[in-house]
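This briefing covers how two chains meet and how one of them is built around the contact. Please look over the sequence and structure below before reading on.

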Amino acid sequence: MGDGDALREQGPQVVGQLNLDPRALATALRVGRLTPPRTVHLLVDTGAAISGIGHDIALALGLVADELIPVVSVTQAVMRTPVFPASLALWLEGDGAPRNELFPLRMVGLPPSVSGAYDGVLGRDFLQRFDLRYFGHDGRFELELRTDATA
Amino acid sequence: MNLTADALPPLVDLTAGEEKVLRQTLQFEDALPGLLRSHAGRWIVWLDGLRSAHDTEEAARAWAADNLPIDSGRVVVRVAERRPVALSGLAAFRFKP
């Protein structure tokens, strides 16, 4: 199966390094208790209002919930789930030298993945920093950081 | 919408620490009508009451990190109306049970 086939089948995915939020990261570094980041595969999901990560992954990374918010799932069940401040490091290419950039984000805890195809989703709260181009014929996509967006 | 704990089951299995955050979240939501009159749009830190209010999420989180234990159950939250957040665009459709 070529890359295009995989992309069409699994949807557009971003691969990044997930870790504590920048402030917690700085504190962990200061006290020498730094958790290694985790490589995560995140589905670009414009249908999701908020980003999410598997709850087990959040706990393994040591993320600490800020609050629990009401969410509505595809069955329209309204439930509560923790919100975790985190940071996502992405490799950006294009104009200028390629660089690794750290984005703070909030992610809700998600139940275990059924398919294991990805670890979480990037919703509109995160994607508003980017312009998205999706090439449906081969499943490729491009995320371009908006010039007015701050990491 | 009834946002009480009984009305809204957890989507995931909560840890003991998250149960503490849930209790503080429910306290915050009980106080929300008053907070909307005094602190609408601001980021606050809540732990058995309003601890501090800030213009940005980053400032609120910084205050919480400097002044409260990470495992205290403190809540860092924006003062705004609470509505369920859609995890998927398909949440707009009524599926047969």
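Buried area is the accessible area (1.4 Å probe) that two parts lose on being put together, summed over both. By that definition, chain B and chain A bury about 3,200 Å² between them, 63% of it on carbon and sulfur atoms. In chain B, B:Leu11, B:Val85 and B:Leu87 lose the most area to chain A, together 21% of what that side buries.

This is a predicted model, in which local features need pLDDT of at least 70 and side-chain atom pairs count only at pLDDT 80 or more, while totals for chains, interfaces and linings use all residues. Residues are numbered from 1 along each chain as its sequence is written, chains are lettered from A and ligands numbered from 1 in the order in which they are written, and side-chain values use heavy atoms, with hydrogens and water left out.

**Interface between the chains**

- Contact (heavy atoms within 4.5 Å) involves 41 residues of chain B and 33 residues of chain A.
- Five salt bridges link chain B and chain A, a salt bridge being a side-chain nitrogen of Lys or Arg within 4 Å of a carboxyl oxygen of Asp or Glu.
- One of them joins the side chains of B:Arg61 and A:Asp66, at 2.3 Å from N to O.
- On the side of chain B that touches chain A, α1 (16-39), α2 (57-67), β3 (75-78) and β4 (85-86) of chain B each supply at least two residues; helices (H or I, at least four residues) and strands (E, at least two) are DSSP runs, numbered from the N terminus.
- The most comes from α1(B), with six residues.

**Strand pairing across the interface**

- Strand β4 (residues 67-72) of chain A pairs with β4(B) in the parallel sense over two bridges; two strands pair if DSSP finds at least two bridges between them.
- A:Val71 has B:Val85 as its bridge partner in β4(B).

**Helix α2(B)**

- B:Ala60, B:Arg61, B:Ala62 and B:Ala64 are the buried residues of α2(B), where buried means under 20% relative accessible area, exposed over 50%, and partly exposed in between (1.4 Å probe, protein chains only).
- These buried residues pack against α2 (22-30), β5 (78-92) and β6 (99-110) of chain A, together with β1 (43-46), β2 (50-54) and β3 of chain B.

**Strands within chain B**

- From β1(B), B:Trp43 and B:Val45 point one way and B:Ile44 and B:Trp46 the other way, and all are buried.
- β1(B) pairs with β2(B) in the antiparallel sense over four bridges, and B:Val45 has B:Ser52 as its bridge partner in β2(B).
- β1(B) also pairs with β3(B), in the antiparallel sense over four bridges, with B:Trp43 opposite B:Arg78.
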